Each structure stands twice: as C-alpha cells, then as structure tokens.
Amino acid sequence: MSTENIANQCSIFANIIESNREALINELLEYESFETINIELSHTLDCLKNISKELKWLDSGKVNLLCAVIPINLPLYSLVIFAIIPGFMANEVIVRSPLLIRGVLHNISRLLNLQRLMPHIKFTNIERTLFSEAYVSVADVVIFTGRYKNAKIIQKTCPNSLFIYDGAGVNPLVITDSAD
C-alpha cells in the first residue's frame, strides 16, 4: 500500500470515529471512565490524523504475518496502534486480546467497519498457548504488550521473528536511530 493510500485510510478511520463518537463512547463506557475515553479518543484521532509524520516508516515493505497481543487497557487506541497501523505493513494480522475486552473490541471493530476496510486483520479468541503454537510460531513480527514473564514465554515460540515488547502499564517503546 502506498503512503498516500495509508494516509487516506487513516483519514477514513478518523472520520468514522468522529461520526460514531457517541456510539464509541457508549461502548467504551462499559469498560472505562468517561475521562479516560475522552483522552483515548483524542490520542487515537491524533495518531490517525497525523500519520503523515510516520509515513516514511510505514512504507518499508510488507511482512506476511504479524501477530498482535494487545493490552487490557485503551481498547480503541490499542487497536489502532497495535493492529491497524502495523496492518499497513502486513499481508495478514492476527489479533489476540484479553478476555475482559473481547466484547468491547469486537463492537469497536464493527463500528469502525474494520472487516470491510482492512479484511486482513482478524481476531482470535483461542487460548494463549494455542495462539502461540498456531500463529506466533510462524509470524514474521510479533507485537506483545503485557507482563514480562509472559513476553518471555511467547518469545520462545518465535525465535526468528521480530519481537516487539511494549511492556505492561505505562511503558514507552523506544526505538533508536539504528533500528531498521
């Protein structure tokens, strides 16, 4: 996908979020506070509307399979930064989410029309060990957010993959100038 197409797709997602703001707020209220939702919506829209600042990094080619294990917090923002944006660089994305947010994440995906706009992003509800065996073990890239001990277990199943560990809680992901 060209950088222009990525920017257009992000613009479409931002417009969908703005058009469905009330429905998204109602969905997210089942899971988090109104204050958190407003911050999450703001960060999500900022990410999508300002993707042009990151386009040079998103045009680096495609990988076949990317697996994303997303965190338990900020379902909308997590979907965007751990599945949708990386999804521009992958032929297939398999997302595994914590049980607690699966319903919310499913409803958010429906509101975003994700299945139509990015049909190569798929969700699985299988247990972590089966997910690792079926998908992570053959993935080109694995994005994991969670406990360090769980990251080490999952990383063992994909020794030849690019493993991106974002930590647990409010931990930044730091990538230096020397990264490819």
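# A tour of the chain, from surface to core

Show the surface first. The accessible surface of the chain comes to about 9900 Å², and carbon and sulfur atoms hold 53% of that area. Such areas come from the Shrake-Rupley method with a 1.4 Å probe; for residues, only the protein chains shown count as cover.

This is a predicted model: local features need pLDDT of at least 70, side-chain atom pairs count only at pLDDT 80 or more, and totals for chains, interfaces and linings use all residues. Residues are numbered from 1 along each chain as its sequence is written, and side-chain values use heavy atoms, with hydrogens and water left out.

**Whole chain.** Switch to cartoon. Helices (H or I, at least four residues) and strands (E, at least two) are DSSP runs, numbered from the N terminus. Trace them from the N terminus: α-α-α-α-β-α-β-α-α-β-α-β-α-β. The C-alpha trace spans about 45 × 35 × 30 Å along its principal axes.

**Inside.** Of the 180 residues, 44% are buried. Buried means under 20% relative accessible area, exposed over 50%, and partly exposed in between (1.4 Å probe, protein chains only).

**Helix 6.** Select residues 102-111. Which residues of helix 6 are buried? They are Arg102, Val104, Leu105, Ile108, Ser109 and Leu111. These buried residues pack against several elements, including helix 1 (3-19), helix 5 (75-87) and strand 2 (90-96). Now step just past the helix. There, asparagine 113 takes a positive phi of about 60 degrees.

**The largest core.** A nonpolar core is a set of buried Ala, Val, Leu, Ile, Met, Phe, Trp, Tyr and Cys residues joined through side-chain atoms within 4.5 Å. The largest one has 42 residues. Select Ile84 and Leu112, which have the most contacts inside this core. Helix 5 gives the core its largest share, seven residues. Next, centre on isoleucine 84. What does isoleucine 84 touch, not counting residues up to four places away in sequence? Its partners are Phe13, Leu79, Leu112, Leu114, Met118 and Ile121. Contact means heavy atoms within 4.5 Å.

**A second core.** A separate core has 13 residues, among them Ala139, Ile154, Cys158 and Phe163.

**Last stop: a loop.** Go to isoleucine 51, between helix 3 (34-49) and helix 4 (55-58). Is isoleucine 51 buried or exposed? At 5% relative accessibility, isoleucine 51 counts as buried. Leaving out residues up to four places away in sequence, isoleucine 51 touches Ile6, Ala7, Cys10, Leu58 and Ile85. Finally, draw a C-alpha to C-alpha line from isoleucine 51 to glutamine 155: 29 Å in space, 104 residues apart in sequence.
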